[in-house]
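Take a look at the structure below. The text then walks through its pockets and its ligand.

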Amino acid sequence: MKHPKEEITYVMVKPDGVRKGLIGEVIKRFEQHDLKIVALEMFQPSHDQLNDHYPKDEAWITRLGEKTKSTYEKYGYDMLADFGTTDTSKIGPEIRKWLVEYMKSAPLVKIIVQGVHAVDIVRKLAGDTLPYRATVGTIRGDFSIDSPALANKEKRAVMNIIHCSETPEEAEHEIKHWFGKSPIYNYKRFGVDE
Ligand code: ATP
Ligand code: MG
């Protein structure tokens, strides 16, 4: 069993976060909550790297389509007019494509964050996936008001400042994918580790 302080999660500052000048703000919020930055780098990912980052299984892709369908139903928008179909298994791949395009549009910052409940704490600090719904005080709630209602009309992904892993298993997979063999650093934080 690993010590609870050894839990790590994967974060990426997305193109809108980089272009809004929020790299420091994002890192500050993690550090303020006793989480430790143990790896950090700016980079420009390739199309293939991004394509491999997002899951390719049908369940995940259809879930993306279903989320969009429920937005269209909520706002009374015409899905058939915008997508040419109401089939969530056909809309999902379209949104996945928008996501990869959006993620390619500026350099990203990849970060490994360590600490007790790192995965859950980072998601709590990030806030709801959809910024218009995210609580004020969270990263997404404070710095974005984007929503699928607007994004899907503009045929693009929802811009929500950062990506962060949903589970420790997803974190492990994403860290392997983005950091490969590059080192994860080890040091003692004042007030946290001693
Ligand atoms: P991330 O995985 O980026 O941390 P998340 O786990 O909160 O975000 P997911 O459900 O994994 O959200 O969706 C991945 C990304 O797809 C979101 O971060 C967002 O940019 C985009 N997205 C989600 N729902 C929609 C939608 N209905 N329309 C357009 N883009 C969407
Ligand atoms: Mg996710």
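The lining of the second largest pocket divides into seven nonpolar, three polar and six charged residues. Here Ala, Val, Leu, Ile, Met, Phe, Trp, Tyr, Cys and Pro count as nonpolar, Asp, Glu, Lys and Arg as charged, and the others, Gly among them, as polar. α10 supplies the largest share of this lining, six residues.

This is a predicted model: local features need pLDDT of at least 70, side-chain atom pairs count only at pLDDT 80 or more, and totals for chains, interfaces and linings use all residues. Residues are numbered from 1 along each chain as its sequence is written, chains are lettered from A and ligands numbered from 1 in the order in which they are written, and side-chain values use heavy atoms, with hydrogens and water left out.

Now turn to the largest pocket. Its lining has 35 residues, and Arg63, Leu64, Lys67, Leu99 and Thr129 lie nearest its centre. α4 gives the most, nine residues. By class, the lining holds 15 nonpolar, nine polar and 11 charged residues.

What takes up the space of the largest pocket? Ligand 1 does. Around ligand 1 are 19 residues, the closest being Lys14, Lys67, Thr129, Val158 and Glu166; a residue counts if one of its heavy atoms lies within 4 Å. α4 again leads, with five residues of this shell.

Some polar atoms pair up with the ligand. A polar side-chain atom of threonine 68 is 3.2 Å from a nitrogen atom of ligand 1. For arginine 123, a polar side-chain atom lies 3.1 Å from an oxygen atom of ligand 1. A polar backbone atom of valine 158 is 2.7 Å from an oxygen atom of ligand 1.

Notes
On a 1 Å grid over the protein atoms alone, a cavity is a set of points where a 1.4 Å probe fits but cannot get out, and a pocket is an open set with protein on both sides within 12 Å along at least five of seven lines; lining residues have an atom within 4 Å of a point. Helices (H or I, at least four residues) and strands (E, at least two) are DSSP runs, numbered from the N terminus. A polar contact is a pair of N or O atoms within 3.5 Å; within protein, one must be able to donate a hydrogen and the other to accept it, and residues adjacent in sequence count only if both atoms are side-chain atoms. A molecule sits in a cavity or pocket if more than half of its atoms lie within 2 Å of its grid points.
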